[in-house]
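Please look through the sequence and the model shown here before reading on.

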Amino acid sequence: MTVIRIVAAVVVDERGWLLVVRKRGTTAFMQPGGKLEPGESAVDALAREVREELGVGVTDVRELGHHTAIAANEPGHTVDAELFSVRLDGVPQIAAEIEEMAWIDPHAPGDIELAPLTRDTVLEFARVS
């Protein structure tokens with residue numbers, strides 16, 4: 001399987017709800033983030049991706065480690081994700097390739113389709129944050 005290295009932002013609001021986004025042409029919701037560019041640090045990639053996708057900056061960046069999962073939108077691939085807990089410095093708005101954004105209760109996400117990384121790893125972080 002091909003491995004895609006990504007960074008992803010775990011954003012939890014004051015209610016304890018988790019921010020998820022859905023990219024245009026896809027069905028699964030996931031964390032804001034994306035692929036690193038050559039020579040880019042993980043934190044720089046995270047800040048760039050969140051700015052492009054949501055129009056806001058990140059603060060209080062805290063590493064949550066490397067996690068792997070089946071890629072949601074690229075069959076036959078896995079993601080090696082470096083997860084970061086972050087706060088946003090403004091109100092997020094969908095931009096770039098993001099088609100939809102939602103806040104979900106990590107204890108009861110409902111029937112929303114979640115990417116494997118979100119479903120199997122990120123929800124746990126959100127539940128204890």
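Is Ala96 buried, partly exposed or exposed? Ala96 is partly exposed, because its relative accessible area is 44%, where buried means under 20%, exposed over 50%, and partly exposed in between (1.4 Å probe, protein chains only).

The model is predicted: local features need pLDDT of at least 70 and side-chain atom pairs count only at pLDDT 80 or more, while totals for chains, interfaces and linings use all residues. Residues are numbered from 1 along each chain as its sequence is written, and side-chain values use heavy atoms, with hydrogens and water left out.

**The record and the span it covers**

An unreviewed UniProt entry places the feature "domain: Nudix hydrolase" at residues 2–127; UniProt positions follow the numbering used here, feature names are shortened, and annotations may be inferred rather than shown by experiment. Residues 2–127 are 20% helix and 40% strand, and their end C-alpha atoms lie 30 Å apart. Helices (H or I, at least four residues) and strands (E, at least two) are DSSP runs, numbered from the N terminus.

**Helix α1**

Helix α1, residues 42–54, has 13 residues and reaches 18 Å from its first C-alpha to its last, close to the 18 Å expected at 1.5 Å a residue; the expected span is 1.5 Å times one less than the number of residues. Its buried residues are Ala42, Ala45, Leu46, Arg48, Glu49, Val50, Glu53 and Leu54. The cover over these buried residues includes β1, β2 (18–23), β3, β4, β5 and β6 (98–104). After α1 comes Gly55, with a positive phi near 70°.

Asp60 has its place in strand β4, and its phi is near 50°, a positive value in a residue other than glycine. Asp60 counts as exposed because its relative accessibility is 54%. Ala96, in the loop between β5 and β6, is another residue other than glycine with a positive phi, near 50°.

Glu97 is also found in the loop between β5 and β6 and counts as partly exposed, at 28% relative accessibility. Leaving aside residues up to four places away in sequence, Glu97 touches Arg22, Lys23, Arg24, Glu49 and Glu53, where contact means heavy atoms within 4.5 Å. Between Glu97 and Val3 there are 94 residues in sequence and 22 Å in space, C-alpha to C-alpha.

**Pockets**

Rolling a probe the size of a water molecule over the atoms shows where empty space is left. A pocket is an open set of points on a 1 Å grid over the protein atoms alone where a 1.4 Å probe fits, with protein on both sides within 12 Å along at least five of seven lines; lining residues have an atom within 4 Å of a point. Grid points are joined across faces, edges and corners, and a volume is the space filled by probe spheres set on the points.

| Pocket | Volume |
|---|---|
| Largest pocket | about 360 Å³ |
| Second largest pocket | about 160 Å³ |

The largest pocket is lined by 23 residues, with Ile6, Lys23, Met30, Asn73 and Val79 nearest its centre. β1 gives the largest share of this lining, four residues. The lining of the largest pocket divides into 13 nonpolar, six polar and four charged residues; Ala, Val, Leu, Ile, Met, Phe, Trp, Tyr, Cys and Pro count as nonpolar, Asp, Glu, Lys and Arg as charged, and the others, Gly among them, as polar.

The second largest pocket is lined by Val10, Val12, Asp13, Asp60, Arg62, Ser85, Val86, Arg87 and Ser129. β5 gives the most to this lining, with three residues.
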